[in-house]
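Trainee: I am new to this structure. Please take me through the aromatic rings, with a close look at how they pair.

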Amino acid sequence: MTESVDQYDQVATTFADVEAVISFVRENLEWPSFQELLGDLSGLRVLDVGCGEGSFTRRIKQLGAAQVVGTDLSPGMIALAQQAEARAPQGITYEVQDLATMPPQGEFDVVTAIHVLHYADTRKTMQTMANTMQANLKPGGRLVVLSANADSSEESETAAGFRTHRPANPQEGDKFKVAVLTTPPTEIEVHHWPTATIVDVLRTAGFTNIAWAPVKPSATVAPADQDRAARCAKNPTSLTLTATKP
């Protein structure tokens, strides 16, 4: 997954521009939907894989988690996360780790993965990632995922500030670019993974109680933003997933 290291180290240098675009869908749909699934984390241990610059990781800690560890394969993004921790310490540990090769970090109550799975370049890599997440959960632990919707609509993408360039009739694992509509656009290479494939991979890793749901607008969306939020929700760019380690 070296390609993700290089592209995200580059994104880290202009992250403020990307942040200005992605914040709308994150604040009004993604985080509220994700937070609802997380529930009360008081006293729990959480591993956030593919944590990026730590925006979700910090919110996870604020939900009461006793210990939070964030990992990402991009040194540039981890550096941003560590800078944020230095400015406002929360006791979060950040480490440079590739989910496809990461050794066990311990037994956590919850493993979170936000926009991580679509970087798997092959089904074998996806399976390794799933196996690693399962290995880092204690029995009865939960996996909570925010994942790209392989079938998102052009309307929702545009409203969210993205543009996808999927190939015609994409097959699982096919590479394509997603452009965040900064000026100029910031392009990220990802891979096409249907929800059915992800479910099959997670089941093979030993997960049970696998459930998908679309992200939805928060009840607190400002009146002036409700139309845009509704357009973001029409076959949205993101889905949530939960699963359990028996």
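Mentor: Start with a charge over a ring. The charged end of R45 sits over the ring of F108, 4.5 Å from the ring's centre. To count, NZ of Lys or CZ of Arg must be within 6 Å of the ring centre and within 35 degrees of the ring normal. R228 does likewise: its charged end is over the ring of F24, at 3.9 Å from the centre.

A word on the source. This is a predicted model, in which local features need pLDDT of at least 70, side-chain atom pairs count only at pLDDT 80 or more, and totals for chains, interfaces and linings use all residues. Residues are numbered from 1 along each chain as its sequence is written, and side-chain values use heavy atoms, leaving out hydrogens and water.

Now the ring pairs. A pair of aromatic rings is described by the distance of the centres and the angle of the planes. Rings of Phe, Tyr and Trp (its six-membered ring) pair if their centres lie within 6.5 Å; planes under 30 degrees apart are stacked, over 60 edge-to-face, and the rest tilted. By this rule there are three aromatic pairs. Helices here are DSSP runs of H or I with at least four residues, strands are runs of E with at least two, and both are numbered from the N terminus.

Next, F34 and F56. Their ring centres are 5.7 Å apart and their planes lie at 75°, so this pair is edge-to-face. It links distant parts of the chain: F34 is in helix α2 and F56 in helix α3 (residues 55-62), 22 residues apart. Together, W31, F34 and F56 form one aromatic cluster.

How covered are these residues? W31 and F34 are both buried. Buried means under 20% relative accessible area, exposed means over 50%, and partly exposed is in between (1.4 Å probe, protein chains only). F34 has a relative accessible area of 0%, so it counts as buried. F56 is at 5%, so it is buried too.

For contrast, look at P170. P170 lies in the loop between β6 (162-165) and β7 (175-180). Its relative accessibility is 27%, so P170 counts as partly exposed.
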